[in-house]
Every structure is written in C-alpha cells, then in structure tokens.
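Dear colleague,

Please find below the structure that I am handing over to you. A short account of the findings follows it.

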Amino acid sequence: MRAKLFRASWGGLTPSTLCASSSNSVIAASVLVAMSTIPPSALQSGFPPTIPLPFNARQPEKVTLFPLSNYTFGVKETQPEEDPSVIARLKRLEEHFAEHGMRRTCEGILVCHEHNHPHILMLQIANAFFKLPGDYLRPEDDEVEGFKARLDERLAPVGRIGEGEEAGDWEVGECLAQWWRPNFETFMYPFVPAHVTRPKECKKLYFIHLPKTKVLSVPKNMKLLAVPLFELYDNTARYGPQLSAIPHILSRYNFEFVDDDGNVVAVTPGAGAPEGYVPKTKVLAGDDTDMKESEENGTQ
C-alpha cells in the first residue's frame with residue numbers, strides 16, 4: 001500500500017482530529033485563521049496556534065496591498081523648486097496668509113508591499129530632503145479635486161508612457177493626520193497650540209488607495225523611493241517627525257498582501273475567516289479517492 005500524507009488546510013491536524021463535527025470545525029477554523037498571518041488557502045501548519053477570541057472589533061475595513069512589481073515607473077521633465085531657500089518659502093507663506101488666509105496643504109500616503117511588508121512611496125529631493133507626494137492647494141481649489149490635480153503634477157505620466165491614463169485618477173481615502181504650522185516658521189505640530197488662534201498652515205495626510213496596476217512618473221530632479229515601515233519607525237533623525245509617525249497612523253489598519261497573480265499570500269492577524277469559508281482537507285501526496293479537496297472535514 002502506498003504511503004499517503006494528509007494535512008488540514010487550516011492547521012495541519014491529523015485525520016483523527018478531523019472527525020469532529022463540521023460546524024465545530026468551521027468555528028475553530030474561523031478563529032484560528034484570525035490569529036495567523038497565513039491566509040486560509042495556504043495554512044498547512046502541523047503545529048496549530050493557541051486559539052484566542054477574535055480581536056478586530058471597531059477597526060476599519062481591511063486594506064489590500066499590491067506588490068511593488070505591479071507598478072511601472074518613469075521620469076518626466078524637471079520641476080524646479082518655487083523657492084531658492086527656506087527663508088524665501090516662509091516669506092511666500094506670509095504673503096499667502098495676508099491675501100488668502102491659512103494655507104491648505106494635502107499630501108498622500110501611497111502604500112504597496114515588498115516581501116509582504118508595507119512600503120511607503122515618497123519623494124527625495126536633492127538626495128537629502130524627503131516628502132510625500134502632494135503640495136499646497138490653490139486658494140480657489142476644492143480640497144479633494146485640487147489635491148488630485150497636485151498628485152497629477154507630481155506623479156502622473158506624460159507622453160507614450162501615459163497613454164490610457166486618465167487625469168485625476170486617484171482614490172483619495174481617509175484623512176489620517178493633520179499637522180499645523182502656528183507661525184511663519186518651519187515647525188509643525190499634530191495639534192494647535194493653546195495660545196494660537198490663527199494657524200498659518202494646515203497639512204492633511206490622506207490615505208491613497210492604489211489600484212492593482214498604475215503608471216507613475218517622477219520629475220528628473222527627484223527620486224521616487226519605496227521606504228519600508230520599519231525604516232520610518234522611530235527614525236525622526238532621518239525622516240523628521242511627520243514621516244516617522246506614518247507607522248503609528250497606519251497601525252489601525254489590517255492589511256491583506258496580494259502577489260503578482262492576485263493571490264492573498266499574507267494577512268494581518270485579527271480578522272475573521274472569509275464569509276462562507278469551510279475548512280477542507282488538502283491531499284498533498286497520494287491518490288486516495290476517498291479524500292478529495294472538495295470534501296469538508298469530518299465527512300465520509
């Protein structure tokens with residue numbers, strides 16, 4: 001008799017364990033899946049984890065992240081800085097405030113993944129200065145539409161590489177943070193100081209939900225980087241307080257990591273099993289006709 005090897009697709013349990021009732025198996029599998037980074041379709045562990053209760057109450061919808069390799073990158077004409085120095089930039093801010101009031105600035109947090117770890121797309125200017133895509137809004141601009149136009153200026157492709165791309169094709173998600181500039185200075189804070197009644201600028205950071213594929217182009221005088229969260233975390237010396245805080249503000253989300261073929265290869269622990277999911281035995285070796293992938297655990 002040829003040897004046969006069986007594994008439960010949701011935990012590597014032995015055939016004797018699989019004789020439990022189908023309903024109990026579904027409940028156990030749902031909770032077990034919730035506490036593993038491995039999706040139900042790939043669970044084959046022979047050492048199942050301890051099963052706690054679900055732990056995803058009052059969290060936003062899970063976010064699907066696509067691999068960095070899904071995106072195409074190009075370059076376009078140089079976009080020189082509007083101000084030659086920090087002093088000139090603050091002077092222009094002062095003139096803007098006198099004529100139009102508080103400046104409104106929007107920047108986007110674009111997230112993809114590499115090796116199942118979130119990476120943030122950001123710009124590097126002059127090999128030293130890091131910033132998120134986006135910019136200040138014109139006084140007459142609507143907040144969201146004006147923000148999309150600013151994203152187009154920074155990242156929308158041009159020429160042949162941009163064929164088929166539509167202007168303003170950005171899915172602007174939740175506002176994740178607000179930073180305030182109380183005076184005509186470089187310092188910004190995630191709160192309005194108590195003594196400040198007329199802040200000079202408000203910067204909002206929005207979650208930009210990237211599609212499965214997209215073409216992005218960066219000006220020649222800038223670099224587009226994919227920076228992992230572990231590099232940003234607690235790294236104010238290199239990235240400053242705003243960018244180093246991104247891992248904190250993204251920690252509220254459960255992520256679903258998808259590979260090049262669209263298969264879910266990893267998930268953030270805590271979420272329940274997919275709706276309608278029923279644990280099934282997976283035959284890894286042998287050809288026993290009594291054990292098929294289409295059969296539920298516990299059935300004969």
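The model is predicted, so local features need pLDDT of at least 70 and side-chain atom pairs count only at pLDDT 80 or more, while totals for chains, interfaces and linings use all residues. Residues are numbered from 1 along each chain as its sequence is written, and side-chain values use heavy atoms, with hydrogens and water left out.

Ala-126 lies in the loop between β5 and β6 (129-131); strands are DSSP runs (E, at least two residues), numbered from the N terminus. Although Ala-126 is not a glycine, its phi is positive, at about 60°.

His-115 also has a positive phi, near 55°, and is a residue other than glycine. The loop between β4 (103-114) and β5 (117-125) holds His-115, which counts as exposed at 73% relative accessibility.

Turning to the sheet, three strands form an open arrangement in the order β2-β12-β13, with mixed pairing; two strands pair if DSSP finds at least two bridges between them. Because β2 (63-65) and β13 (264-267) each have a single partner strand, they stand at the edges, and one side of each is left without a neighbour in the sheet. From one strand to the next, the twist averages 25°, where axes are lines fitted to C-alpha atoms and angles run from 0 to 180 degrees between N-to-C directions.

Strands β2 and β12 (residues 255-258) run parallel and are joined by three bridges. Leu-65 has Phe-257 as its bridge partner in β12.

With kind regards

How values were computed:
Helices (H or I, at least four residues) and strands (E, at least two) are DSSP runs, numbered from the N terminus. Buried means under 20% relative accessible area, exposed over 50%, partly exposed in between (1.4 Å probe, protein chains only).
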